[in-house]
Structures are given as structure tokens and as C-alpha cells.
Amino acid sequence: MAMATQDLLEAISDLTTIREMKVALNVSTQCAFIAGATTFLGGLVGGPAGIFAGGLLGTFMSGYHANGKFKSVPEILATEATPAQKEKLAEALKQLLTKENIFTLVQLAVTIQSNRALLDAIQNVVRQFITGDMGYKCIF
């Protein structure tokens, strides 16, 4: 019995390593700029103590700015991937699983428990999809 796209993606999303993958939503550079700018301004205004105060303030501002702007891969797949993108990811996963002689979700569940290489390969397929096809940056 062939694996349905939605069932396969749900099974993959339930894997702990996939759930732990986070995606930055173009906020890292903004946070770096905030922290750097406040540190620089603090240094101009207050010298060494100003660098400390500016760096501390910039760190807090960056943390506040980035709050909630990192999403998990399952959340991205469920809410932002189009049906065509989901199908493309499922096909890539099915190709990988077929090479490993895995044709059902039951076989996948049994095999993945003892096969770390398969888990790593699945993680690589998902990472390539998220970074290449969806244009995000994965963070671990």
C-alpha cells in the first residue's frame, strides 16, 4: 500500500529531530544590527561603560524583536507550504524510503527506531527542502 502524502508528512513531522529543527524568519540580521548599533551608540556616548550598557540594551532589544519569529519545521509544513510543495517533499521522501526498501508507514516506524543513518537522511531531505525550495534557514 502506497503512502499518502499527508500521512507521510505527519509521520515525518512527529520525529523528534524534525520537531527540534527551527527556522529563522529573516530576523537574524536585523537582531545583529540592533545589537551592534546600540553598542556603538553606547560607546560613543558613554565610553567603556556605554559599550557595556549599549550592548546590554541591544541584547534585550534583539531578544524582544526576535521573540516568536522562529518556527518549527512541522509548523512551517502545516501552515506555509503549498500543496505542490508538500507533494514535492513527500516525493523526495518516498524516493529515499524506496531506496531503503520501506514502502509503508509501519515499516518506516519499525525501521527508524534502529537506523540512525535513515533518520539522518530524512533530516537532510527535509533540511534541503526547507532551505532550497522554501528559502528559509534552519537552526539547530
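Guide: Before we start, buried means under 20% relative accessible area, exposed means over 50%, and partly exposed lies in between (1.4 Å probe, protein chains only). This is a predicted model, where local features need pLDDT of at least 70, side-chain atom pairs count only at pLDDT 80 or more, and totals for chains, interfaces and linings use all residues. Residues are numbered from 1 along each chain as its sequence is written, and side-chain values use heavy atoms, leaving out hydrogens and water.

Visitor: Thanks! Is Ser13 buried or exposed?

Guide: Ser13 is buried, because its relative accessible area is 12%.

Visitor: And what does Ser13 touch?

Guide: Leaving aside residues up to four places away in sequence, Ser13 touches Ile18, Arg19, Pro74 and Leu77; contact means heavy atoms within 4.5 Å.

Visitor: New topic: at what angle do H5 and H7 pack?

Guide: Helix H5 (residues 83-99) and helix H7 (residues 116-133) pack at about 155 degrees, with axes 10 Å apart. So H5 is roughly antiparallel to H7, a label for angles over 145 degrees.

Visitor: Which residues of H5 meet H7?

Guide: Gln85, Lys88, Leu89, Ala92, Leu93, Leu96 and Leu97. By class, the contact of H5 with H7 has 11 nonpolar, one polar and two charged residues.

Visitor: How many residues has the largest nonpolar core?

Guide: That core has 30 residues; a nonpolar core is a set of buried Ala, Val, Leu, Ile, Met, Phe, Trp, Tyr and Cys residues joined through side-chain atoms within 4.5 Å. The largest share, seven residues, comes from H7.

How values were computed: Axes are lines fitted to C-alpha atoms, for helices over the stretch in contact, and angles run from 0 to 180 degrees between N-to-C directions. Helices (H or I, at least four residues) and strands (E, at least two) are DSSP runs, numbered from the N terminus. Angles under 35 degrees count as roughly parallel, over 145 as roughly antiparallel, 65 to 115 as roughly perpendicular and the rest as oblique. Ala, Val, Leu, Ile, Met, Phe, Trp, Tyr, Cys and Pro count as nonpolar, Asp, Glu, Lys and Arg as charged, and the others, Gly among them, as polar.
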